[in-house]
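Please walk through the model below with the sequence at hand.

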Amino acid sequence: MLCQDVHRFGQKLVRRRLLEPREGFERPKAGHLNTLDLVALGVGSTLGAGVYILVGEVAVYEAGPATVICFFAAGLSTILSGLCYAELAAWVPRPGSAYLYSYATMGQLCAFIIGWNLILSFVMATACEARAWSYAFDSLIGNRISQAFQETFSLHVPYFLATYVDFFAFVLVLLLTGLLVLGVHESALVNKVFTSLNILVLSFIILTGIIKGDLHNWKLTNQDYSLTTLNTSGYGDISRLGPLGSGGFVPFGFEGILHGAATCFYAFVGFDVIATTGGEVPNPHRSIPLGIVISLSICFLACFGVSAALTLMVPYYQIQLESPLPQAFLHVGWGPARYVVAVGALCALTSSLLGTMFPMPRLVCAMAEDKLLFRGLARIYTCTGTPILAIIFAGSLTGVMTLLFELSDLVDLVSTAMLLAYSLVAFSVLVLRYQSDQNLSNNEATEEEIDISLLEASQFEPGPEARASNILKSLWCPSNTIPTLKSGQIVYWCAFLLVLLLAILSLVLAQWPSQVFSGDPRLTPVAVLLLLLITGVTVIIWRQPQSPSPVYFKVPALPVLPLVSIFVNVSLMMQMDTGTWTLFGIWMGIGFAIYFGYGIRHSLGNNEPQPPASTSQT
C-alpha cells in the first residue's frame, strides 16, 4: 500500500500537459497585437536599467573597457535562449512562456518551479526598474527626493534592504498597475511610444561615442591613473574614483569578464514577454519567432554600442555610478545633451517597467488556470478583458519589493531565476524535437499498454550478447527514420546526463579556471574527461531521428546549439554569490509550501488519464 501511494504521488509530480491548446480556454479580449507590437514590447522591457545604469557599475568594478565583451557574452547567451524560445513558441502558441513549455515536456513539478522563478524574476526586475526610474528622476532634480526620504523614512536595517523607503517608486508601480488593468491595447500603445524615444536616444549616445570617444581610454596605464588622482585630489573628489586594476583593455582579468557577463545578463532580461503574450496575436507561429529574434538583435546592438561609447568617452575609473551616461556628456563638454539622455533614460525605464509588468499577471493567470496557484487569480473580467485579480496581486507584490530592496541587491537574483528558466527552455527544445508526434499530442500509450508490450517482449528476450548488440545499435544506428518511444527515451535520459555533466564542467571552470588551463595534473584531466563524455553523449542524441512535424521556426544545429545555451547559462549562474543563492532558496521554500499545500491537490489533470512525463517522453 505504501509503495502504491509513493508511486501515485510521484506520478503527480511528473504529470505533463498535452501540447494542443485546450478547448474553451478563455483568452484576454483586449486588442490583438502584431509583430511590431511584440518587437516594441521585447525591446521596451529589455532596454532599461541595464543599459542606462548597470553599464557603469560593470565598467568601474568588474570589466573596465572589456564591458563590451561582457555584453557580447551575455547577449550571446540570451540570443541562444531566444532561438530556443522561438521554436517552443512555434510549437506551443499559448500564454505561459517557459512555464507552459516545461509543463509540456518535463512535468508538473518542474513547470511549477519554472513558473515560480519567472514570477520572481518579473517581480524583482520590475522593482529594479522602478528604483532606477526614481534614481534617474531624482538625479535630474538634484537628489531632493532621496534626501527627503532619507531624513524621514530611513530604516537603519541590514545591508540587503534599502537604506530608505522609496515611496516615489512605490507609487509609480501602483500607477502602472492601474494602466495594465485598463487592457492590453492601452499598455502596448504607451510602451511603443516610449520605446521609440528610447531607441532614438541610444542611437544619439552611440554616435556621440564615435565622435567624442578616445581610443586611449581603452589602454590606460598607471601613469594615467596617477595623473587623474593628482588632478582630482585638488577638488576633494578622489573617493569617487574607481580602481585601476591592471589597466589596459581588460583591467580586471578573465574572472572580471565572467563576473561582468553574469551581471550584464540582467540587461537582456525581458524578451520572454513576447512568448508570454502568444495568445494575443492573430498569427503567433510567425509573429512570436520574428519578434524574439528582431528584438534581441536590436537590444544586443544597443547594449554593445552604448558600453563602447561610454568607455571611449570616459576613463572607466572615472565613470559615475549614479548616472553614468549623463555625466559622460559633461565629461566631454556636451553638458546640455545630458538632459536629452536623462529624458531618454526615463522613457526607457518607463517602457521597461511596462514590459516587465506586462507578463506577470498573464503568467499568474496561466498558473491559476491550471490550479497550481489559487483559482480566483485566473478570472477574466469582461468589462476590461484583463485578469484584474492577477494584475493586482502582481502589482502589490512588486510594490512591496520596491519599498524593501535596493536595485543592486536585486540584479543577481533576477539573473539567477531567468538563467534557470532559459536553461530549461533549451532542454525542452532538445527533448521535444526527438519525440514522436503520438507522444506529444495523442498520448495513446498508457501505462497498461506499455506494461503489456514489455511483457510480450520479455517472452522473446534475447541473450546477454544479443541485448548488448541491440543496445549499441539503438544508440549509434537506430533503425527508424522517425522518432519512436525507444528513441525518445534515449534522448530524454541522455539529455539529463548531459545537463549533469555540463553543470559539473561549469563548476570546475568557475572555481578553478587558471588551474584547468595551466595544465593542473588533477583538474585538467577531469575537464578533458568531462568534455569527452559530453561529446560522446551528444553524438548519441545526434544519431536519433528527429520529428518531421512542420513548425514555422526550428533551432539550427540541433543538438549542439541548445547544449551550448545550457552550458553558457549554467556557467553564468556559477558566478553568483552565496547571498543570492540564499534569497533564491527562501523564495523557493515559499513556492514549495504553496505547491505541496494547494497546487498538487487541486491542479488540472489529477483525475485525467495522462501518463507521467517520464513515461510519455520515453
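Pro-559 sits in the loop that joins helix H24 (523-543) to helix H25 (560-573); helices (H or I, at least four residues) and strands (E, at least two) are DSSP runs, numbered from the N terminus. The peptide bond leading from Leu-558 into Pro-559 is cis, and its omega is near 5°. The loop between H24 and H25 also holds Ala-557, a residue other than glycine whose phi is positive, near 55°. Ala-557 is exposed, with a relative accessible area of 54%; buried means under 20% relative accessible area, exposed over 50%, and partly exposed in between (1.4 Å probe, protein chains only).

This is a predicted model, in which local features need pLDDT of at least 70 and side-chain atom pairs count only at pLDDT 80 or more, while totals for chains, interfaces and linings use all residues. Residues are numbered from 1 along each chain as its sequence is written, and side-chain values use heavy atoms, with hydrogens and water left out.

A positive phi also occurs at Lys-371, about 65°, although Lys-371 is not a glycine. Lys-371 belongs to the loop between helix H16 (359-369) and helix H17 (388-404). With a relative accessible area of 26%, Lys-371 is partly exposed.

For the chain as a whole, there are 27 helices and 0 strands. Of its 618 residues, 56% are buried. Contact means heavy atoms within 4.5 Å. Among contacts in the chain with a separation of 6 or more, 84% are between residues 24 or more positions apart.

Helix H11 (residues 253-264) has 12 residues. From its first C-alpha to its last, H11 reaches 16 Å, close to the 16 Å expected at 1.5 Å a residue; the expected span is 1.5 Å times one less than the number of residues. The buried residues of H11 are Gly-256, Ile-257, Gly-260, Ala-261, Ala-262, Thr-263 and Cys-264. What does Ala-262 touch, not counting residues up to four places away in sequence? Its partners are Ser-415, Leu-572, Gln-575 and Met-576. Ala-262 and Gln-575 are 313 residues apart along the chain, yet their C-alpha atoms are separated by 6.5 Å. Ala-262 counts as buried at 2% relative accessibility.

Thr-67 lies in helix H4 (residues 67-91) and is buried, at 0% relative accessibility. Not counting residues up to four places away in sequence, Thr-67 touches Val-55, Val-58, Ala-59 and Ser-307.

A nonpolar core is a set of buried Ala, Val, Leu, Ile, Met, Phe, Trp, Tyr and Cys residues joined through side-chain atoms within 4.5 Å. The largest has 179 residues, of which Tyr-52, Tyr-99, Ile-119, Ile-205 and Leu-373 touch the most other members. Leaving aside neighbours within four places in sequence, Ile-119 is in contact with Leu-363, Val-364, Met-367, Leu-373 and Trp-587.

The lining of the largest pocket divides into 16 nonpolar, 9 polar and 5 charged residues; Ala, Val, Leu, Ile, Met, Phe, Trp, Tyr, Cys and Pro count as nonpolar, Asp, Glu, Lys and Arg as charged, and the others, Gly among them, as polar. On a 1 Å grid over the protein atoms alone, a pocket is an open set of points where a 1.4 Å probe fits, with protein on both sides within 12 Å along at least five of seven lines, and lining residues have an atom within 4 Å of a point. Of the 30 lining residues, Tyr-135, Ser-139, Leu-321, Glu-322 and Ser-323 lie nearest the centre of the largest pocket. Elements that give two or more residues to this lining include helix H6 (108-140) and helix H18 (407-432).
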